[in-house]
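User: Hi! Could you walk me through this model?
Analyst: Happy to, here it comes.

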Amino acid sequence: MDAQRRVTAVLGPTNTGKTHYAIDRMLSHRTGVIGLPLRLLAREVYDRIVAKVGPSVVALVTGEERIVPDRTQYWVCTTEAMPLEIGADFVAVDEIQLCADADRGHVFTDRLLRARGLIETLFLGSDTMRGAIAGLVPHVTFLKRDRLSTLTYSGSKKISRMPERSAMVGFSVENVYAIAELIRRQKGGCAVVMGALSPRTRNAQVALYQNGDVDYLVATDAIGMGLNLDIKHVAFSATAKFDGRRMRALYPQELAQIAGRAGRHTEDGTFGVTGEARPFDEDVVEAIESHRFAPVKKLHWRNDSMDFGSADRLIRSLEAPTFNDWLTRARDADDVLALKALSALPEVQDRLTEPKRVQLLWDVCRIPDFRSSSGPEHTTLLTRIFEFLVGRGLGGGRIPSDWLATAIKRIDKTEGDIDTLSRRLAYIRTWTYVTQRKNWVEDETHWREETRAVEDRLSDALHAALTQRFVDRRTSVLLRRLKQKEALVAEVNDKGEVTVEGEFAGKLEGFRFKQDASATPDAAKTLAQAALQALKPEFHLRADRFYNAPDTELDFTEQGGLMWGTNAVGKLVKGAEPAKPAVEAFVDEEAGPEVVEKVRRRLQHFIDRKVAAQFDPLLAMGRDEALTGLARGFAFRLSEAMGVLPRDAVAAEVKELDQDARGALRKHGVRFGQFTIFLPALLKPAPTRLRLVLWSLWNGLQEFPESPPPGLVTIPNVAEVPKQHYTLAGYHPAGTRAIRIDMLERLADILRQKDSRAGFEATPDMLSITGMTLDQFSDLMGGLGYKGEKAERPKVKAETPKAPEISEEAAAAIAAGQPIPEEVSILAPVVEPEPEAEAAAPEMESFYTFTWAPKPRFQRPERKEGEARAPRGDRPQGDRPQGDRTQGDRPQGDRPKGDRPKGDRPHGDRPRGDRPKDGQRPKGDYKGGKPQRDDKKPIYEARPPRAEKPIDPDNPFAALLALKGKV
């Protein structure tokens, strides 16, 4: 063989620098072609060569991409796309061991047999190909290259314990996604590399890993084909894969090809298994570590001398056998299967009239099924494209631009999830491949640019979707900065949002930092430290702002919390006295004791001023030194109750107060009501809300009762709520409702004017005060000790008075302008309405009659025979609230007329009826100090009538007594 056409086989394991050696050899020649197994690897090598010699002399040719400058010297191609007829000085084929691959092996075998450079040819691959190359390529020279680093088996590791700079390998999309999701949750994220990715997406994902944004890579076996990455450990999540036809175990040399990605250049690497993958057998480990595998015995081959005389002859030529011991006929690939399917269609057979059309059909059948769609779907697409290309004449047609534009527009959408974007990317790869074929479309340059632009947009969208789903950007930035030992930059905006290196880390709520819960455990601690470091000056600035803030910016909650705007900054705690609560500030320890004390002092000032403002009448009464004796003691009781006391609880103390003491208390606004003793100013919503909080704090409640909404006269009376809670809220329970205390006393003033023995009806004033319907008012009165009897009566309609009419004679005189004669009546006689034939049923209305009917406090025991009657003072008097009606209880003019509570004059054990005015006597004669009986107007007495005794026949007045009531 001529020395100028030397052939060299550079063989060795991974990480031996074979590809780097081939690039250097090619650039030493004037022209050269290098074939690579993957489009991704071809793009990587193209970029490396462009960086050395510039883009003007380097071409990139793959099935879907074609960049060919006018002055091209070096061609970087996929193995299938290598131009063999250009006569380059140098030719190289990488990963030549793929000659043994069942699917693509025939392509690599063809290059091994036919691809030659004018000066130099290199075949790069595994040492397992030594025998086959020696048997098929005469005068070949072998160059053995040893691995630059050591590869060691490290056994099985959980993903949670996977070291940094690791690559986990899966053999299905589902497996890859599952591992990537787990790593994102536990480690902050990972990059994803698959053979189906476009070069643009793959490069963007690899950049995440290479730049240190993430420390983990999840990939398919695509990383085994020459992708040079900084990987220290490779972990297999499975040891079997689906090869397109069946599930099978990976061969040791395939495992070695992938495991060899660990340990680049002179750095040692490790490999192992993870997840559910079984550990490797010792012989497999030994083979991978020592790089010794069984040699390749057979190479897949397909006849390259094709007969285009007809479809059948073409198929027979592709199925031609081989008689070389090193070769075996390859199984039908996708292009052969598509050819057999299309050639069987009548509409295709009719158009196969010339060898050129058969060759065109073969070119169409070689369109890859990037979509991995079903056979019929792919066949239908190829048939349509073939029909367009046949057109008029001998295959001189073109794919219509409008049809191609519609197909591309349907794909050009960047929204959707990862799977949707991946499918669209596979579709556009089909059209990218079609537009790269010469004379298949009109305006080839436009459509090549258009499909490339759509692919780039989908690639960017897919990269963004992969990153969003499988990368916690914040954690990756933090880890990268920490590795570089750089100071982390943290900021706080006006809304209290904290960012570290531009990534959201949490929020400053008041004086406490709330970290974002989505941070991974590994980064959470670092994130918190970086954020709190940046917050130290912010704590002091915020504390100064808070200390100088007006009270209007602060508030307390009904559960005792202290708020600054919408942020909780502290809480109330029990103090030395009910009206003197203490405070507890919510401040992170990192803020320092100075900030804590400043916040605490400001909160204490706020609550002290709030209590002083809302409870001013009560506090003023406590400071009044003029109150002495019983009045001062009662003022203390009222202060303990925070301005509201049920009267029945202090009835004895109220009776002991003289008029001077009551007058002194009234000067401070104390009102002695029939049911409650209270300060009206403290029934307003703001003091009521504060009273409930302070009382709950003092009594150690875990959950504080909430104050009712302002403006309600009555609220529901819930049985589970203690009565004291209603009293503190300013309400008195009665029936199914609780009525506001001040409105209840107004109602009591009206009720005292009614005769509760004889009974009375509810007036509009009563209903207006309570805001109730008649039935609701009846329930309320029942709760106050009254019995209501419901009845019906005809509804009385108010009659509209009819204007009198002028008589006809008077009207005539007025019309004539003459005076009306005296004998003429001015008004017309009243016409009596004719009685209706049948009176309509009167409209009925309901009404209640209320009488005093208090429930007895206890059942009176029956007296035994001969037992003495209990003294009058020892008898139970009922449970009706006692009025406080001591005469002269207050000075005249102390209250406007009508404002003095009627309950201040005890005149018995029930509300009194109408009484005569001063200086007047009731109608009827008084004799012996008692009014005489008037049969027309019955007299009602408080005590029940005496039981009549039987007439004693021996009584001399028996005859007169018998006539009693008859005369």
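**The parallel sheet**

User: Which strand order does the open sheet of 6 strands have?
Analyst: The order is β9-β16-β13-β10-β12-β11, with parallel pairing. Strands here are DSSP E runs of at least two residues, helices H or I runs of at least four, numbered from the N terminus, and two strands pair if DSSP finds at least two bridges between them.

User: Which strands stand at the edges?
Analyst: β9 (151-156) and β11 (191-193); each has a single partner strand, so one side of each is left without a neighbour in the sheet. From one strand to the next, the twist averages 20 degrees. Angles run from 0 to 180 degrees between N-to-C directions, with axes fitted to C-alpha atoms, for helices over the stretch in contact.

User: Which helix packs on the sheet?
Analyst: Helix α8 (residues 282-290), touching β9 and β16 (269-273), with its direction at about 150 degrees to that of β9. Contact means heavy atoms within 4.5 Å.

User: How far can I trust the details?
Analyst: It's a predicted model, so local features need pLDDT of at least 70 and side-chain atom pairs pLDDT 80 or more, while totals for chains, interfaces and linings use all residues. Residues are numbered from 1 along each chain as its sequence is written, and side-chain values use heavy atoms, without hydrogens and water.

User: New topic: what is the phi of Asn15?
Analyst: Positive, about 60 degrees, although Asn15 is not a glycine. Asn15 lies in the loop between β1 (6-11) and α1 (18-27).

User: Is Asn15 buried or exposed?
Analyst: Buried, at 6% relative accessibility (buried is under 20% relative accessible area, exposed over 50%, partly exposed in between, with a 1.4 Å probe and protein chains only).
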